[in-house]
Amino acid sequence: MITAKVNQNQALKTAKSGRKIRAKNTAIGWSFVTIASLMICLFYFYPMVQALILSFQSGTGANLTFTGLDNYARLLKDPTFLTTVKNTVIYLVIQVPIMIILALFLSVLLNNKTLKYKGLFRTAIFLPCVTSLVAYSVIFKYLFGQDGIINIMLMKLSLISEPIQWLTDPFWAKIAIIVAITWRWTGYNMIFYLSALQNVDESIYEAAKIDGASSIQQFFKITIPMLKPIILFTSITSTIGTLQLFDEVMNITKGGPGNATMTISQYIYNLSFKYTPDFGYAATVSYAIVIMIVIFSIIQFKVAGDKNE
Amino acid sequence: MKKVLALFLVSILLLTACSSGSKDKQASGESKDTKEITVWAWDPNFNIKAMNLAKEAYKSENPDLKIKVVENAQADIVQKLNTSLSSGTTKGLPNIVLIEDYRAQSFLKAYPDMFQELTGSFNPEDFAQYKMAPTSLDGKNYGLPFDTGVTGLYVRTDYLEKAGYKVADLQNIDWNKYIEIGKKVKAATGKVMLTQDPKDLGLIRMMIQSSGAWYLKKDGVTPDLAGNAALKEAFKTYKEILDADLVKPVSDWSQFVAGFNSGDVATVPTGNWITPSIKSEASQSGKWAVVPMPKQSGIASSVNASNLGGSSWYVLNVPGKEKAVDFLAKTFGSNVDFYQTLNKEIGAIGTYKPAAEGEAYKASDDFFGGQKIITDFANWTEQIPQVNYGLHTYAIEDILAVGMQDYLKGKDLDKVLEDAQKQAEEQIK
Amino acid sequence: MSKRIFSYTVLIIASIVSIFPFLWMIVSSTNKSVDVTKGRLLPGTHFIENLQNLLNTVDLIPALINSTKISIITTVLAMLIASLAGYGFEIFKSRTKDFLFNFLLLSMMIPFAALMVPLFRMFGTISQSVPIIGIDTKTAVILPTVTTAFLIFFFRQSTKMFPKEILEAGRIDGLTELGVFFRIYVPTMKTTYAAAAIITFMASWNSYLWPLVILQSPENQTIPLLISNLGSSYSPDFGMIMTAIVIATLPAALIFFIMQKHFVAGMMGSVK
């Protein structure tokens, strides 16, 4: 009886001190994340709320007036906006898969233990994403020029008989942009896969080999499933990157010819800075991007999740 | 632990060092209304040099005023002005800024109180008339006209000769004649006539301004696309030039420059500011001439003179504006000698008419076979039809660039312009 | 064996494609402007001349110093803030914190073009009371870019694999929570820091749009702004521009080459 009471008391005490520790832990835990959370709220969410307010206004420069939902109505009828959405989705649907497959493929090759000069290959392929956009756009404009090196080489190899209008034809200009983004970001994604591959237990492959699985089977049956979380992660970041695509298009084709390569982000820039500025409508367009990104991310999670089951 | 803490401390120190550094600047910035004014412009070889020459010229007038000339790319200036002015923050803005004529109205209207009125500080009669519309608003002058974008047709005399033409044959022609000559030149030499960037409708702009037309009606607000005879003719000419295979497509400025530097094109129809780039390929000396811009065929009002680009100086409504106005008025606004230096040193042709009487404007240029190109350009400047560039040059141009692609693919021209009109009306409010 | 040859062939082609633009850029920095526009592929003899032109026309050295200062401070602060948060979210897990974490991740989806004008207005307001962190200061360049949800995510992922028993051992030894973080966590996570630092440094070194908006005076100019100005001329000197680009790119490329082993190792932690 007495012992029971003592036990009870002790239990109470530990419970109390446990709660104290937990409370203390909570406080400490929160203090770790406070600075970052405040910074993000201050520099991302607060301006975003400002932009939301802006999106209900319209007018040139400083002469903004509240116009309610007019901007949103205008958005749906705006042919330029619709073209930019179409272009952006084309980039997304074609470029992101190509880049991810290419990056996966290269990372598998590079993951070979017996391979020599790994560091050199790695650096070489990663190098493009180190370049500043200014440098990179200057380079690409030359490469893809009418007399650019790409045309010269293709003609020397007799693959084409006359120069391709890389940057001045609506179709080829889109291809040029896709090539440029792929060139710049494949190495970056490759590094993620390469790191993930080095975590994969070698013995799984050994077992597969004994079972007589070919390299291709190993790739699809082992590598891809093992890397699924990181593939999902990179495809979401790439999707976000592509939906916000600006640098490449702005600097390589300026969105031309016509609006053939213009992206949504570039349209926002044009509305704010190239034309007589209408910051209200520009903010409206930017909310369209946010909504698209949310939708695409949900789709990607869903697709990845379904395969899991 | 110690290392990390040290690193943290160092970075905090650096941060404060940076901030205190800018604090010092801030202190000097506050006193700038008395001693220092800042100027923003683009292009180191042209506008910046011109401003520096003006600075020299003003020294004798007022040795105490410090003038800081800051170089920024044009797109960057536009962006900085828009961000600052729209947020009502004048901090860090310059006293004087260079603005392209096409964009001037949009700035003056969008930020009405931010620009200092210049009426009375210079005599508008002294400047080329076509510069007045873009630089003034509601009858008040806001911009001091600077360089002319007067255009000419730069031609390779050696290529023309092979096709049996002399420079005299190209004086005051129209675009149909240009195409006819182009076909013969191509047959004789294999060279195309010109380069074109499909994103840049500069050629269209030059064509319609030569007929006194623009993308907008005279009020500078209403789009004038459908039923604009000059614009329709310009579109037709553009397509004919392309169909005759006289064009080498380019996608940016450097390729445009490379086009004539490497001898790939027989002509360059553009603004006079291209002269230094043409002359940069010294081996082509003596092979070039400049003739008047072709006019539009079938448009009665069209003349053999037009404009492309060109910009003017504006004073912002920030402390130091009086000094800035005085500086501009006594250099770009009235100093004939200064314009001579400007012309000799950098080949800049101003729009200040009295300057044309000076020596430098009469010099002949051996690169152009001894032609007095400055005199010619100065003459053409006075013939440029005045149009109101209005508010939306680039917004409409982007719409038209899409229309142009549709037209080239075979869409009916009237329909193209009607659609463009509709879209422009929708977009511009 | 044939598989090997295949691997090497593919990797060599990929490397050449990746490096080619750089080689061409380096070659072009030794050529005259006219030759660059003609697409000359052979090295020339004008490098010194281009470099001299560059040093005479623009303030290259101050711009390099500015870029270095901004990038280093950004990187150091970003490491500290993001790793504290990543650690906090993972070690002191709770439902509310997870919710906050997911909420913060949303910030990755906001296009910068949308934030630019409101952010500038914000700094405009700050300028009026505290000019030392307002418009046209390095602080203003650094502050909004220093915390990214991506980096917090990156550190949190890496922390997942961290052996938590060591932390407990540290606590029993009487270390404070901050002590545990700095003395145990930070030293163990060196490679993660290396990878994160490289990513942050490069982003900061190359960043263009925000510095362009917020910096006004030429004394504060960074390297990307300088290069962009060089290209703005009616008659640009392309040999000189290429020289500037080479100088701007080499530091970042060298840093990666030197640190790449740690980089890959650090990324490994985050993708487990």
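How many bridges join β6(B) to strand β12 (residues 311-315) of chain B, and in which sense do they run? The exercises below begin with this question.

The model is predicted: local features need pLDDT of at least 70, side-chain atom pairs count only at pLDDT 80 or more, and totals for chains, interfaces and linings use all residues. Residues are numbered from 1 along each chain as its sequence is written, while chains are lettered from A and ligands numbered from 1 in the order in which they are written.

**Exercise 1. Describe the pairing of β6(B) and β12(B).**

Step 1. Strands are DSSP runs of E with at least two residues, helices are runs of H or I with at least four residues, and both are numbered from the N terminus. Two strands pair if DSSP finds at least two bridges between them.

Step 2. β6(B) and β12(B) are joined by 3 bridges and run antiparallel. Within this pair, Pro145(B) is opposite Ser312(B) of β12(B).

**Exercise 2. Place the strands in their sheet and identify its edges.**

Step 1. The open sheet consists of 5 strands of chain B in the order β2-β1-β3-β12-β6, with mixed pairing.

Step 2. β2 and β6 (143-145) of chain B each have a single partner strand and stand at the edges, so one side of each lacks a neighbour in the sheet.

Step 3. On average, neighbouring strands of the sheet are turned by 25° against each other, direction ignored. Axes are lines fitted to C-alpha atoms, for helices over the stretch in contact, and angles run from 0 to 180 degrees between N-to-C directions.

Step 4. Helix α5 (residues 101-110) of chain B packs on the sheet and touches β3, β6 and β12 of chain B; its direction makes about 120° with that of β3(B). Here two residues are in contact if their C-beta atoms, placed from the backbone, lie within 7 Å.

**Exercise 3. Characterise strand β1 (residues 36-41) of chain B.**

Step 1. Of the 6 residues of β1(B), 5 are buried. A residue is buried if 20 or more other C-beta atoms, placed from the backbone, lie within 10 Å of its own, exposed if 12 or fewer, and partly exposed in between.

Step 2. β1(B) pairs with strand β2 (residues 66-71) of chain B in the parallel sense over 6 bridges, and Glu36(B) is opposite Lys66(B) in β2(B).

Step 3. β1(B) also pairs in the parallel sense with strand β3 (residues 96-100) of chain B, over 2 bridges. Trp40(B) is opposite Val97(B) in β3(B).

**Exercise 4. Examine helix α10 (residues 229-243) of chain B.**

Step 1. α10(B) has 15 residues and reaches 21 Å from its first C-alpha to its last, close to the 21 Å expected at 1.5 Å a residue. The expected span is 1.5 Å times one less than the number of residues.

Step 2. Buried residues of α10(B) include Leu231(B), Phe235(B), Tyr238(B) and Ile241(B). Their cover includes α8 (175-189), α9 (202-210) and β9 (247-249) of chain B, together with α16 (393-408) and α17 (413-427) of chain B.

Step 3. After α10(B) comes Asp245(B), whose phi is positive, near 60°.
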